[in-house]
There are 4 protein chains.
Amino acid sequence: MTHDIAHLGHVEMLTDRFDESLDFFTRVYGLKLSGQDADSAYLRAWDDYEYHSLKLTRSDRTGVGHIGYRAASPEALERRVAAIEASDYKTHGWVDGDDGHGRAFRFEDGFGHLFEIYYDTCWYDPGDTADRPALKNTASAYTGAPPRRIDHVNLLADDITAFRTFMETCLGSRVTEYIQLDNGRIGGCWFTVNNKTYDLACTEEHGRGQGRLHHVTYATDQREDILRAADIFLQNGVHIETGPHKHAIQGTFFLYVWEPAGNRVELANAGARLILAPDWKPVKWTEPERKKGQAWGLKTIETFHTHGTPPVE
Amino acid sequence: MTHDIAHLGHVEMLTDRFDESLDFFTRVYGLKLSGQDADSAYLRAWDDYEYHSLKLTRSDRTGVGHIGYRAASPEALERRVAAIEASDYKTHGWVDGDDGHGRAFRFEDGFGHLFEIYYDTCWYDPGDTADRPALKNTASAYTGAPPRRIDHVNLLADDITAFRTFMETCLGSRVTEYIQLDNGRIGGCWFTVNNKTYDLACTEEHGRGQGRLHHVTYATDQREDILRAADIFLQNGVHIETGPHKHAIQGTFFLYVWEPAGNRVELANAGARLILAPDWKPVKWTEPERKKGQAWGLKTIETFHTHGTPPVE
Amino acid sequence: MTHDIAHLGHVEMLTDRFDESLDFFTRVYGLKLSGQDADSAYLRAWDDYEYHSLKLTRSDRTGVGHIGYRAASPEALERRVAAIEASDYKTHGWVDGDDGHGRAFRFEDGFGHLFEIYYDTCWYDPGDTADRPALKNTASAYTGAPPRRIDHVNLLADDITAFRTFMETCLGSRVTEYIQLDNGRIGGCWFTVNNKTYDLACTEEHGRGQGRLHHVTYATDQREDILRAADIFLQNGVHIETGPHKHAIQGTFFLYVWEPAGNRVELANAGARLILAPDWKPVKWTEPERKKGQAWGLKTIETFHTHGTPPVE
Amino acid sequence: MTHDIAHLGHVEMLTDRFDESLDFFTRVYGLKLSGQDADSAYLRAWDDYEYHSLKLTRSDRTGVGHIGYRAASPEALERRVAAIEASDYKTHGWVDGDDGHGRAFRFEDGFGHLFEIYYDTCWYDPGDTADRPALKNTASAYTGAPPRRIDHVNLLADDITAFRTFMETCLGSRVTEYIQLDNGRIGGCWFTVNNKTYDLACTEEHGRGQGRLHHVTYATDQREDILRAADIFLQNGVHIETGPHKHAIQGTFFLYVWEPAGNRVELANAGARLILAPDWKPVKWTEPERKKGQAWGLKTIETFHTHGTPPVE
């Protein structure tokens with residue numbers, strides 16, 4: 001872990017049902033709208049410090065537009081850019097940024113996912129509105145909504161080992177846990193650039209998709225926030241895919257739903273778990289161990305292995 | 001923040017009622033005993049990865065023996081030692097370590113607190129005992145006890161501004177929040193070496209003490225763990241000083257009790273709050289803001305300003 | 001306990017800031033508006049089965065208008081009316097009811113509080129609106145708001161022993177807990193007509209008030225709902241008087257706030273506690289026991305002993 | 001509902017692995033041992049007011065021994081006995097009772113389940129032991145264990161309609177919810193004698209069993225207690241059958257495990273839900289509604305329909 005990258009900043013999610021998706025994220029899921037431009041809505045959880053952590057973009061398909069990580073400093077950003085340019089990964093050079101942050105360097109992972117790293121950002125400022133927080137150490141008004149901050153993104157790729165090299169090379173990420181399949185392949189891998197247990201997971205693509213998204217996740221303060229959310233999802237006719245339950249891997253308490261366009265969205269709670277050990281040895285999960293299901297015995301449902309966005313035949 | 005120091009590793013707490021203190025920490029508070037030598041018991045929460053996070057030492061007084069931070073690597077340790085030796089802070093050189101870790105470099109903060117930094121450590125290994133965790137990504141068996149891992153220590157010092165320089169110089173800590181008194185002095189300061197909101201707090205010494213301890217804190221997974229703990233403390237006749245309630249500063253849900261020898265011990269829950277922004281601007285709390293009490297209006301009780309260990313007249 | 005009275009049905013609360021009070025109860029506290037007539041708004045929690053559990057009435061003062069209990073059957077209602085008429089308590093005879101229920105028999109407690117009992121009621125019917133619940137065994141759509149159903153009302157009276165006779169005579173209530181003062185007087189008394197631990201409490205009037213209200217309370221599903229509510233109250237500038245904490249008496253987890261007109265409103269959670277024993281012996285709390293404060297040591301704040309509505313000089 | 005019966009008092013559970021079952025209930029599940037005689041252990045949750053709520057009896061098979069309900073008064077007991085004797089149900093007359101209660105009248109439901117009703121009982125008295133509660137309104141010392149009090153029992157029977165008549169005739173129970181199958185039969189029925197949402201459920205026997213037990217349940221104060229229990233069960237190698245999740249029927253948050261001998265045991269939390277309406281109309285669940293699974297979409301697992309104790313081929 002180089003510490004050059006500070007944290008996952010935002011995910012751009014594509015939707016072919018923009019209005020319904022926006023309604024879901026703001027009215028049901030509980031994000032706040034910072035602003036909109038022609039094609040995108042900029043959304044954030046109540047304690048995300050940046051202008052946005054989810055860029056919801058109108059498209060003719062679903063899935064992920066790009067994944068943005070914030071660098072630790074201008075110098076760290078330069079170091080990462082140099083490392084990426086020295087690699088064989090496809091780069092797109094610098095882009096201007098958007099309403100939420102300044103210039104960003106873009107590159108690809110070889111599996112169809114577009115990444116960007118940036119340092120200059122827009123701190124969210126509620127000004128003298130009702131969105132001003134009662135406690136000055138939080139980013140905006142507490143609404144009671146479950147998501148507190150963006151937590152992680154889960155991508156699909158054909159070759160997790162190759163994806164791991166990408167994450168280490170380009171972002172300086174470290175692996176905290178992974179799945180070792182009987183066939184010798186890596187079935188999934190959990191990465192972090194800081195002390196969170198993970199900010200990105202990559203699991204094996206079982207369809208013939210390219211650049212697909214498995215899910216985007218926001219963190220809640222308490223597990224109870226997730227139980228409450230389940231009832232809110234139920235009341236609002238949201239498709240609850242699986243959960244609430246506890247993952248064996250990473251021990252995260254989870255709930256997965258599909259937003260109206262079909263993108264999978266998670267609420268998760270890690271409790272007080274952090275990876276503080278500088279010499280943390282990645283935890284290996286074997287295929288027999290995975291077959292036991294989730295932590296408390298829930299069998300992983302079939303769609304969890306097959307559904308990604310955009311969908312594939 | 002240099003990232004040379006990975007995290008707070010352990011605190012040595014002194015007790016003049018060793019047996020009662022040990023009974024409290026193991027039977028009531030919920031730590032596990034890793035081992036004992038002639039004068040000390042080595043304790044840990046169920047998910048502390050190191051052999052111990054609390055060294056409870058028999059003494060003729062209460063308070064803190066020393067505070068141990070783990071470095072991020074052998075090289076980082078050397079860098080920190082060089083920085084400390086280049087400063088004016090009093091050093092004690094290398095010590096051998098104890099049952100819980102290898103050699104450590106010791107130094108003082110100028111207010112009577114002894115610190116040490118180390119890299120070589122003993123990962124706790126439950127072996128094939130009942131303490132083997134059901135989930136391999138946790139350090140030992142889940143017991144249901146509230147403390148999951150050590151969280152932070154709070155010290156008292158006469159000059160917080162000077163203490164801040166010490167923390168920045170020796171540990172490369174950054175300040176996340178602080179109290180600015182009307183008289184121009186800093187009333188309290190919260191430090192971190194990683195993404196936790198703080199791992200050490202220092203507040204103004206209002207007695208005439210030297211090297212005093214305000215409290216040691218363990219983190220719980222959920223706020224509910226703290227509510228449950230309150231009933232357990234009540235049932236066991238433990239002195240509950242204040243809480244459960246929520247701090248305005250750092251937003252932590254807290255509960256403070258005194259262990260049998262009088263050392264203050266906290267259980268705390270920060271929810272999903274982390275300091276991920278690399279350019280986090282320390283949050284300033286003014287004296288009028290502090291007068292409002294805690295987040296939900298609880299007035300800070302008098303002993304919280306005066307009681308430290310060892311006690312002073 | 002006669003079982004003639006089924007449960008506390010509603011409380012009429014008077015406000016001299018009607019619009020602000022209504023905004024508080026609907027937008028912040030989380031009740032739903034069933035309807036309004038010229039002077040009153042009819043409010044209910046999401047799982048109150050009746051049309052309203054709080055009748056908020058525009059007035060030139062604050063406090064309680066009347067307290068309504070629902071009888072177990074038409075016959076039980078007649079039995080109670082006969083018992084009340086056979087007593088010396090002042091009666092007002094039958095009134096027509098209002099939007100929320102049918103004819104009701106009204107009577108007074110001798111301390112200025114107006115009670116009514118009724119059987120015919122309006123079951124709340126969401127029809128085919130968005131308020132239709134996802135689960136047919138709940139009364140209306142789950143909103144995520146803390147209050148699930150009305151829980152109890154707390155009145156003030158000069159002579160609790162006399163008030164107790166009133167409750168036993170008129171409602172057939174039983175006492176579950178009470179405070180025995182050193183001077184021989186009863187300081188407070190908790191009553192129930194069913195298996196709830198209490199549906200009405202009466203505590204000693206320390207001002208020179210008449211017919212005053214101490215507070216009205218709604219029950220939450222979980223303690224976490226109350227912790228969340230505290231942050232919502234904080235964010236909305238609501239006066240939090242005391243809590244969250246746990247009462248020693250009845251063991252209820254509580255949070256008290258003042259609605260904009262000054263009436264005290266509580267959120268409470270009793271956990272799984274019920275009074276199922278038919279021969280429950282009322283629990284006596286002595287004055288020294290009360291001096292210990294609440295369950296976890298919180299000192300009862302002064303306003304809790306003095307503030308009631310309407311206020312007195 | 002006659003109110004003659006106050007509440008479910010205890011269940012006698014048979015085990016052919018007595019020592020293991022007793023170890024499970026005391027060390028893992030969290031009940032307390034009040035005492036033992038030659039064949040039985042008398043167990044209770046920390047806030048059960050009677051000497052025992054679970055009588056665990058050594059046997060050559062598993063399942064339920066008898067189900068005990070406590071009457072509301074000696075007179076109510078006589079009324080019930082008269083009603084039962086006037087019916088066609090098989091009776092066994094009066095038995096002496098056991099360590100936990102006085103004389104009891106025994107009768108059968110026609111499906112092989114033995115019931116008893118009694119009034120004289122042994123209030124649990126911790127005396128001056130460590131089991132004395134810190135709060136005098138609770139029955140014994142708070143231990144932190146999830147079960148607070150016995151909640152309900154679930155039996156299996158071939159003809160739920162006939163079973164319903166039994167419950168109404170003998171206990172004066174009312175039905176709060178039921179399952180209406182497409183074939184016209186009742187698939188399950190939930191009964192209560194008080195304000196709890198149910199104290200006994202009866203679901204259709206799908207094996208060829210007689211007098212079988214589906215499960216016994218204890219109530220927890222909070223849902224979080226159940227999430228914690230799941231981790232404790234996991235750590236102790238207990239078979240977690242399904243959950244934690246929320247039932248659509250009755251809205252109960254649940255977790256089902258099998259104790260070492262195979263009897264199914266539940267932990268459940270109903271939140272603030274009570275049935276207070278005296279004219280509550282039983283909620284009907286159709287077969288298509290049941291096919292949707294539990295409240296948040298969990299499919300009911302196969303063993304839940306087939307496993308009962310004693311097992312059948």
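Between chain A and chain B, 22 residue pairs are in polar contact, both partners at pLDDT 80 or more. A polar contact here is a pair of N or O atoms within 3.5 Å; within protein, one must be able to donate a hydrogen and the other to accept it, and residues adjacent in sequence count only if both atoms are side-chain atoms.

Some ground rules. This is a predicted model, where local features need pLDDT of at least 70 and side-chain atom pairs count only at pLDDT 80 or more, while totals for chains, interfaces and linings use all residues. Residues are numbered from 1 along each chain as its sequence is written, chains are lettered from A and ligands numbered from 1 in the order in which they are written, and side-chain values use heavy atoms, with hydrogens and water left out.

Back to chains A and B. E17(A) gives the largest share, 3 residues. By class, this side of chain A has 20 nonpolar, 11 polar and 15 charged residues. Nonpolar covers Ala, Val, Leu, Ile, Met, Phe, Trp, Tyr, Cys and Pro; charged covers Asp, Glu, Lys and Arg; the others, Gly among them, are polar.

Now the totals. In contact (heavy atoms within 4.5 Å) are 46 residues of chain A and 46 residues of chain B. The two chains bury about 3,600 Å² between them, 58% of it on carbon and sulfur atoms. That area is the accessible area (1.4 Å probe) that two parts lose on being put together, summed over both. There are 4 salt bridges across this interface. The rule: a side-chain nitrogen of Lys or Arg within 4 Å of a carboxyl oxygen of Asp or Glu. Lys136(A) and Glu289(B) form a salt bridge, 2.7 Å from N to O.

The same surface serves both copies, as 100% of the contact residues of chain A recur in chain B. Superposition is by least squares on the C-alpha atoms of residues with pLDDT of at least 70 in both.

Chain B also goes onto chain D, by a rotation of 180 degrees and 0.0 Å of shift, RMSD 0.0 Å. That is the relation of a two-fold axis. Which residue of chain B comes closest to the rotation axis? Glu224(B), at 3.4 Å by C-alpha.

Glu241(B) lies in strand E14 (residues 239–246) of chain B. Buried or exposed? Buried, at 7% relative accessible area. Buried means under 20%, exposed over 50%, partly exposed in between (1.4 Å probe, protein chains only). The Glu241(B) side chain makes polar contacts with the side chains of Trp258(B), at 3.1 Å, and Arg264(B), at 2.6 Å.

Thr203(C) sits in strand E12 (residues 200–204) of chain C. Thr203(C) is buried too, at 15% relative accessibility. The side chain of Thr203(C) makes a polar contact with that of Asn154(C), at 3.1 Å.

Technical notes:
Helices (H or I, at least four residues) and strands (E, at least two) are DSSP runs, numbered from the N terminus.
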